Amino acid sequence: MEVKIGVADSPREVVVVSEQTPDEVEALVTAALGGANGGVLALVDEKGRKVLVQAAKITYVDIGPASVGKVGFAAN
């Protein structure tokens, strides 16, 4: 699943591809915005790396299926 996080004062969004379910991500976002975990959203990406975002800076969170795009050329 792909999670896009808008961050205040940043022109780019944070994109995390995670194996967590949408419900798990929503629970983590809700807890972080509620002040749990010191106000930090912590997500783990598909490679096992942890991504931390200060909850006070989160402007939006988009939770959806991972986008699969093809890059390059193919002969048909």
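How many helices and strands are in the chain? I counted one helix and five strands, taking helices (H or I, at least four residues) and strands (E, at least two) as DSSP runs numbered from the N terminus. Along the sequence I read the pattern β-β-α-β-β-β.

**Ground rules.** I am working on a predicted model, where local features need pLDDT of at least 70 and side-chain atom pairs count only at pLDDT 80 or more, while totals for chains, interfaces and linings use all residues. I number residues from 1 along each chain as its sequence is written, and side-chain values use heavy atoms, with hydrogens and water left out.

**Whole chain.** I looked up burial: 25% of the 76 residues count as buried. Buried is under 20% relative accessible area, exposed over 50%, partly exposed in between (1.4 Å probe, protein chains only). The chain exposes about 5,400 Å², with carbon and sulfur atoms supplying 53% of that; the areas come from the Shrake-Rupley method with a 1.4 Å probe, and for residues only the protein chains shown count as cover. For contacts (heavy atoms within 4.5 Å), I took residues at least 6 apart in sequence, and 50% of those contacts join residues at least 24 apart.

**Strand β1.** I checked residues 2-7 and found five of the six buried. β1 runs antiparallel to β2 (residues 14-17), joined by four bridges; two strands pair if DSSP finds at least two bridges between them. Ile 5 sits opposite Val 14 of β2. The two strands make a hairpin with six residues between them, and I noted a positive phi of about 65 degrees at Asp 9 in the turn. β1 also pairs with β5 (residues 58-64), antiparallel over six bridges, with Glu 2 opposite Gly 64.

**Helix α1.** Which residues of α1 are buried? I got Val 25, Val 29 and Ala 32. An α-helix has 3.6 residues a turn, so residues three or four places apart point the same way. Their cover includes β1, β3 and β5. On the other side of α1 I found Asp 23 and Thr 30 exposed. Just after the helix, Gly 35 has a positive phi of about 100 degrees.

**Gly 48.** I located Gly 48 in the loop between β3 (40-44) and β4 (50-54). Gly 48 is exposed, at 57% relative accessible area. From Gly 48 to Glu 19 I got 9.5 Å, C-alpha to C-alpha, with the two 29 residues apart in sequence.
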